[in-house]
Amino acid sequence: ISAIDGLFSIVRGQKLPIFSGSGLPHNRIAAQIVRQARVLGKEEKFAIVFAAIGVPYDDAMFFIDNFKKTGALERTIALINTASSPVIERIATPRVALTIAEHLAWSHDMHVLVILTDMTFYCEALRELSAAREEVPGRRGYPGYMYTDLATIYERAGRVHSKKGSITQLPILTMPDDDITHPIPDLTGYITEGQLVLSRQLWMKGIYPPFDPLMSLSRLMKDGIGEGKTREDHNNVFMQLISAYAEGIRLRELSVIVGTETLTQRDRKYLEFADRFEREFIGQGEYERRTIEETLDKGWELLAILPEEELKKIKVEYIKKYHPKYKGGNP
């Protein structure tokens, strides 16, 4: 998925949560990641452990049918815990999933991607269990030890020096009322290495997957990109795309106040860039799989909208090598 690969790259052993909201397409994104996930570079043993925690029955059937139809079940172990299941089963599901992942990674040298959805239902189960035990409640009724409890799940990602395998985690949670300061996303953000935030505004524009480029972050990205890993120009392209999009958003807000007629030619180029960046780079078909090279080339195609002198975050040698104008394409 271009938004993840190009802007918030996941490194082996990282834990990177997806912060979603009620009604946003996190289930479809989770299913797409299961279908399309690959290990970059030479062929290595790869598996996915998928755990659905407290999901409604129709969501459970969506995942199972999707994995069967697309053949993703061949390399996926799926644990489905429905909303009607006992609370204690919900507490156990992510731990069972991670025990399976550890067996595959440390005993069979496999690279394992663990997807946990929805961690909000896990935390609700934790609160329910805590109330039944008559424990002293913490913030918003959640137990005071929820940070420690979540850490016992998230910190089971990583790599071991003497082992070839790795465990990468992609937990998904729905933020109550889209509130990123709610205890669940707040504590998750402290423990994990970044976050991928879904934007309701982009979703209302019809953009899928609606990742918010300015709210999302992968703290370990720099360790997994560049020459010999993705491509030499990756970091420069990423920084220029984010910078240009931020400028485009600023000018979009300004144009609402003063009108587009008062904007300069340069400003209008940035507005065009922001619109096309959302539609063509962030936006991607649900069954469309893009390689790292296709993602970076798409980034260059969009950067070609801007005047060359505006590409201040990219080395001149990369501009000469990858810019469509110098590759014989049409800028």
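Mentor: Start with glutamate 278, which counts as buried at 3% relative accessibility. Buried means under 20% relative accessible area, exposed means over 50%, and partly exposed lies in between, with a 1.4 Å probe and protein chains only as cover. The model is predicted, so local features need pLDDT of at least 70 and side-chain atom pairs count only at pLDDT 80 or more, while totals for chains, interfaces and linings use all residues. Residues are numbered from 1 along each chain as its sequence is written, and side-chain values use heavy atoms, with hydrogens and water left out.

Now look at the partner of this glutamate. Arginine 252 forms a salt bridge with glutamate 278, and their closest N and O atoms are 3.1 Å apart. The two residues are 26 residues apart and link distant parts of the chain, with arginine 252 in helix α9 and glutamate 278 in helix α10. A salt bridge here is a side-chain nitrogen of Lys or Arg within 4 Å of a carboxyl oxygen of Asp or Glu. Side chains of opposite charge can pair when their charged atoms come close. Helices (H or I, at least four residues) and strands (E, at least two) are DSSP runs, numbered from the N terminus.

Arginine 252 also meets the side chain of aspartate 275 in a salt bridge, at 2.8 Å from N to O. That pair, too, links distant parts of the chain: arginine 252 belongs to α9 (residues 234-258), aspartate 275 belongs to α10 (residues 265-282), and they are 23 residues apart. Aspartate 275 is partly exposed, because its relative accessible area is 33%. Arginine 252 is partly exposed as well, at 21%.

Helix α10 has a further link, made by arginine 276. Its side chain and that of glutamate 301 meet in a salt bridge of 3.9 Å, N to O. Glutamate 301 lies in helix α11 (residues 292-303) and arginine 276 in α10, so this pair ties together parts that are 25 residues apart in sequence. Glutamate 301 is partly exposed, with a relative accessible area of 38%. The structure holds 26 salt bridges.

Return to α9 itself. This helix has 25 residues and spans 36 Å from its first C-alpha to its last, close to the 36 Å expected at 1.5 Å a residue. The expected span is 1.5 Å times one less than the number of residues. Just after α9, glycine 259 takes a positive phi of about 90 degrees. Valine 258 lies in α9 and is partly exposed, at 41% relative accessibility. Leu254, Val256, Ile257 and Val258 form a nonpolar surface patch with about 400 Å² of accessible area together. A patch is made of residues with over 30% relative accessible area and no salt bridge, where like charges are joined within 9 Å and nonpolar side chains (Val, Leu, Ile, Met, Phe, Trp, Tyr) within 5 Å. Accessible areas come from the Shrake-Rupley method with a 1.4 Å probe, and for residues the protein chains shown are the only cover.

For contrast, consider some strands. In β2 (residues 46-55), 10 of the 10 residues are buried, so this strand is largely enclosed by the rest of the structure. Two strands pair if DSSP finds at least two bridges between them. β2 runs parallel to β4 (residues 111-117), with seven bridges joining them, and valine 49 stands opposite valine 114 in β4. Seven bridges also join β2 to β3 (residues 76-82), again in parallel.

β4 and β6 run parallel and are joined by seven bridges, with threonine 117 opposite isoleucine 172 in β6. Strand β6 (residues 166-174) is mostly covered, with nine of its nine residues buried. In a regular strand the side chains alternate between the two faces of the sheet. In β6, Ser166, Thr168, Leu170, Ile172 and Thr174 point one way, Ile167, Gln169, Pro171 and Leu173 point the other way, and all are buried. Strand β1 (residues 18-20) pairs with β6 in the parallel sense over three bridges, whereas β5 (residues 158-159) pairs with β6 in the antiparallel sense over two.
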